[in-house]
Structure formats: C-alpha cells, structure tokens
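Open the structure in your viewer and keep the selection tool at hand. This tour goes from one selection to the next.

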Amino acid sequence: MIEDKILVLDFGSQYTQLIARRVRENNVYSEIFPFNASMQKIRDFGPKGIILSGSPSSVYAKGAPIPDMKIFELGIPILGICYGMQLMAHVLKGKVAKSLKREYGRAELIIDDDSDLFQGIGSSLVTRHSSLATVVWMSHGDRIEKFPAGFNSIAHTENSPIAAMSDKSRHFYALQFHPEVVHTEKGREIIKNFIFDICGCRPTWTMKSFIETEKERIRELVGNQRVVCGISGGVDSSVTAVLVHEAIGDALTCIFVDNGVLRQDEAKKVEQMLKKSFHMKIKYIDASERFLRKLKGVKDPERKRKIIGNEFIRVFEDEAMKIRNVTFLAQGTLYPDVIESTSFKGPSAMIKSHHNVGGLLKKMKLKLIEPLRELFKDEVRVLGHELGMPEETINRHPFPGPGLAIRCISDVTKERLEILRKADVIVLDEIKKAELYNKIWQVFAVLLPVKSVGVMGDERTYDNVIAVRAVTSVDGMTADWAQIPYDVLGRISNRIINEVKGVNRVVYDISSKPPSTIEWE
Ligand code: XMP
C-alpha cells in the first residue's frame with residue numbers, strides 16, 4: 001500500500017506529465033487525473049496534496065476547464081501552477097485579467113516570503129535588487145489583479161506584481177511560473193518543499209517497494225492460472241515478462257514471433273537473454289515465411305503495418321490457444337498510454353504498437369495484466385535495472401512493430417531485407433564504438449527504392465542507396481536529426497559500401513520531426 005501520494009489534476013498543459021515525474025523523482029508516488037475527475041475518485045486515491053496543472057485555456061474562456069470545487073474543502077494542501085493559479089484566484093473570488101504584457105520565457109522572481117514554499121530557494125546573487133531572487137520560466141497571458149480572500153503575495157516579477165501567492169492557513173499555494181521545467185533553476189527544490197514540508201509526504205516510493213507490491217498483486221490476481229506474454233525484444237515487453245516471471249515463475253509462457261522483418265540475430269539475442277539469464281519458458285515461433293508471403297508486392301506503408309499487425313494476432317492466437325488454462329495476457333502498456341486514453345481530450349491518434357492485441361482479449365476471454373501501466377519510460381528502465389536485466393536490453397532503442405518492413409522502402413523481399421540487415425548492423429556497430437548509442441533516441445539504416453551509378457575499381461556500378469537516420473528525442477513525438485561527427489559518418493559510409501554487396505552510395509538524413517517523421521514510412 002502506498003500511503004503518501006500527490007495527485008496532479010490535468011487541465012491540458014503540455015507539461016502535466018513532467019509535474020508527476022518531478023514528484024516521483026523524489027520517491028513520492030504521483031498520478032494524473034483529468035481535471036473533471038469525480039470527488040469519489042479523488043477521495044479514493046487519498047492524496048496528501050494536489051497540484052493543479054497549467055492549461056492552454058484562459059479561465060474566462062467559454063468552456064474553460066473547472067474542477068469540482070469540493071477539492072478546496074478536502075483540508076489538504078493545493079499548489080496551482082500557471083492556469084492552476086489563475087483558476088484558484090478565479091474560483092476563490094479574486095480577480096484575473098489579461099496582462100498588458102504577456103510574459104514568456106525567463107524571468108527574475110523576487111521572493112517576498114521565503115518561510116515555506118520558497119525556503120532556501122532565493123539567492124542574493126541573481127538579483128539586481130537587495131532581496132532574494134531566482135530565475136523562473138514563465139508562459140502566460142493572464143495575471144492575478146486581486147487576491148482571493150486569505151491570500152498574500154509571496155513573490156513578484158517586474159511584470160507580475162503577484163507571481164506567487166499563498167493562503168497559509170488553508171495551505172493553498174499558487175505559482176504564475178512553471179517549477180516543473182528545467183529552465184526554472186530551483187524548480188525541483190520548490191516542488192520538494194511542497195511535497196515534503198507542506199504536504200508532509202515521506203519518500204517511501206522506490207522501485208524496490210514497487211517490485212514487491214507488484215509481485216504480490218500479480219500473484220494474488222493470477223492464483224493457479226496461467227499467463228501468456230508476447231515479447232518483441234523491446235524494453236517494455238521484456239521488463240513486463242521478467243517482472244511477471246519473478247512473481248509467478250513457470251505459470252508464465254512468453255511467445256516470441258519472428259515476423260521475418262526483424263534485425264540480424266534479434267530473435268537469438270532475446271531468447272538468450274530471457275532463457276539463459278532468467279530461465280523463462282519461451283515459445284519461439286518462426287512465422288517469417290508466412291509474413292513475407294503476405295507482404296509480397298506490397299508497397300504502401302499503411303498496408304504493410306496492417307498486414308503485419310493482423311498476422312501477428314493470428315500467429316499469437318494460435319500459439320496462445322495451445323497453452324492450457326491460460327486466462328491472462330501480460331502487456332507492457334506504459335503510463336503515457338494510460339493518460340492518453342483516459343484524458344478528457346480523448347485518446348489521441350498516437351501510434352500504438354501491434355502488440356496491443358486487443359482482439360485477443362475478447363475472443364480468448366483473456367484478462368489483462370499491465371504491471372507497467374503506472375510507470376514512465378525512464379522508470380521502466382530503472383525497474384529493469386533493479387530486476388538485474390542487462391544494460392543492452394534496458395537501453396535499447398525503440399524498434400517499430402512492423403520492423404524492417406517500413407525501412408525497406410517500397411518492396412519487401414528477402415534479398416532487399418538482407419542488404420538492409422547488413423547495413424543496419426554496421427550503423428549500430430559504429431555508433432556504439434563511438435559511444436554515441438546512449439545519447440541518441442534511434443539510429444538505423446533505410447534501404448531506398450532508387451539505384452545510383454558508382455565506380456568501383458575500374459567498373460561502373462549501378463546499385464542501391466542506403467540512408468542513415470539518427471535522431472535525438474525525449475519521447476519520439478518530436479525529434480531532431482542527430483549531429484553525428486563527420487568521421488563517424490565517414491566510417492559508416494565506408495564500411496557499408498565496402499562490406500555490403502549491392503550498395504554503392506550512403507546518404508545522411510538531416511530532417512527534423514515535424515515536418516518529417518522518424519521512420520521513412
Ligand atoms: P514516427 O516515424 O511516427 O515514429 O516519427 C515515432 C516512433 O514510433 C515508432 N513507430 C512505430 N512503432 N509500430 C510501432 O510499434 C509502428 O507502426 C510504428 N511506426 C513508428 C518509431 O520507430 C519511433 O520510435
């Protein structure tokens with residue numbers, strides 16, 4: 001049982017997830033609920049404090065998100081951030097108005113009261129004034145004109161006479177700036193002051209405690225029934241499998257489907273890791289011929305995705321049906337997916353992996369076990385580490401469900417896949433040797449559907465072109481092309497042209513996302 005929790009109410013800010021992560025970094029458990037969550041749900045969660053997120057909305061706009069007013073009667077501390085502050089001013093009968101000057105970016109916050117939320121935050125070095133100050137990150141158009149009853153200013157900036165306010169008797173605090181972003185220099189400390197000193201939380205939520213609680217929960221849930229888990233070699237499915245296996249041992253069967261569009265030695269490596277290091281039961285299904293037959297002559301990327309997704313479900317289903325007494329499907333769903341699907345904005349058009357085998361649940365009457373559904377990606381990595389998994393698996397770059405099929409532009413044939421695989425190995429090898437792998441979100445080779453003229457020895461060649469794609473990113477939603485040093489690019493190009501028969505040209509992709517995507521198809 002987690003006792004000390006912080007609830008984040010989401011009003012649609014792009015930074016909401018960041019708030020929850022900042023809280024969790026301090027070993028205090030935090031969840032995000034949509035702003036209109038019911039009081040029942042909030043009471044059942046039992047938070048020690050609530051944080052109100054920012055929002056693209058203005059409190060005066062039609063349809064502005066307003067939570068149940070009873071949250072202000074729970075008797076627990078509340079921290080409003082940006083829109084959260086304006087909301088508090090508005091509903092607690094202060095006054096909010098459009099700022100004459102909008103405030104975006106860096107601002108100097110002059111601290112007027114450093115007795116609680118801002119304790120230890122200010123420095124006399126930052127300021128031109130004699131008072132304590134710190135650098136914060138602003139992003140707002142509205143501002144507070146009049147305090148709600150009981151509130152006082154605790155900090156100001158040149159443009160905002162009330163940049164932070166508090167009602168100490170009710171433990172309500174509000175900030176015009178964003179403490180959750182890294183540009184607010186003492187943001188982490190401000191959040192710490194709120195959760196520990198003001199809410200009285202204890203830092204008891206650790207990965208060790210999470211593992212123990214989750215193993216117990218899985219054991220109880222499963223009883224003497226059986227669980228099946230589809231593994232792809234990716235970090236999410238592997239960590240799920242290891243955790244469930246720790247809980248129920250051989251009652252778990254993992255199924256690994258070789259869809260014919262995997263990277264070189266992928267299946268072997270995953271099997272080795274899970275079987276040899278963790279002694280798991282793994283069914284390896286070589287369905288490559290079946291997939292490649294279906295993909296023959298298919299050029300359209302979306303059709304490739306659909307074919308691979310549907311075929312995966314069929315193969316997985318056939319195998320899962322063979323296991324007696326199987327009632328559960330373990331899946332590596334992460335917290336961002338859960339937030340997406342329960343958001344008040346409704347599920348967005350996010351790309352889901354084909355391992356989301358929803359159809360199976362109904363047909364086979366399987367129930368879901370999603371042990372990672374409350375974790376962020378970086379927390380899953382810490383969990384994997386804690387479970388003793390190899391760094392190579394934990395830090396592996398994401399690999400799309402449709403695999404090399406969407407990196408083999410146009411036709412997917414065995415011959416073309418072979419060329420791509422060989423080039424891909426070289427790209428990864430050189431990036432690892434240059435110690436760049438862990439600094440990059442994804443790096444891979446793409447086989448283009450064009451041929452170009454070259455000269456090798458005295459002979460004219462007319463061969464394939466490989467594009468190298470490397471991007472930096474935080475979540476895959478936006479990305480920038482990675483500035484790989486020229487000498488590394490040079491080695492990659494040299495080796496591919498020399499070692500991969502059928503390639504005479506290598507190009508480097510310098511497009512960011514948006515407007516391009518990370519994958520080429
Ligand atoms: P894009 O190409 O949309 O990719 O910028 C964003 C991230 O998602 C991965 N990706 C997929 N993953 N099934 C998956 O499981 C898919 O169909 C798929 N398409 C793209 C991509 O590798 C990147 O990490």
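This is a predicted model: local features need pLDDT of at least 70, side-chain atom pairs count only at pLDDT 80 or more; totals for chains, interfaces and linings use all residues.

Residues are numbered from 1 along each chain as its sequence is written, and side-chain values use heavy atoms, with hydrogens and water left out.

Select residues 266-277, which form helix H7. Helices (H or I, at least four residues) and strands (E, at least two) are DSSP runs, numbered from the N terminus. H7 has twelve residues and reaches 16 Å from its first C-alpha to its last.

Next, colour Glu266, Ala267, Val270, Met273 and Leu274, the buried residues of H7. Buried means under 20% relative accessible area, exposed over 50% and partly exposed in between (1.4 Å probe, protein chains only). Look down the axis of H7: its buried residues fall within an arc of 140°, so they line one face of the helix. The arc is taken from the directions from the helix axis to the C-beta atoms. On the other side of H7, find Lys268 and Lys276, which are exposed.

Now show what the buried residues of H7 pack against, including strand E10 (226-231) and helix H6 (235-248). Just after H7, stop at His279, which has a positive phi of about 55°.

Finally, select Thr184, in the loop between strand E9 (172-175) and helix H4 (187-198). Thr184 is buried, with a relative accessible area of 3%. Its side chain reaches the backbone nitrogen of Trp137 at 2.9 Å.

Methods
The expected span of a helix is 1.5 Å times one less than its number of residues. Contact means heavy atoms within 4.5 Å. A polar contact is a pair of N or O atoms within 3.5 Å; within protein, one must be able to donate a hydrogen and the other to accept it, and residues adjacent in sequence count only if both atoms are side-chain atoms.
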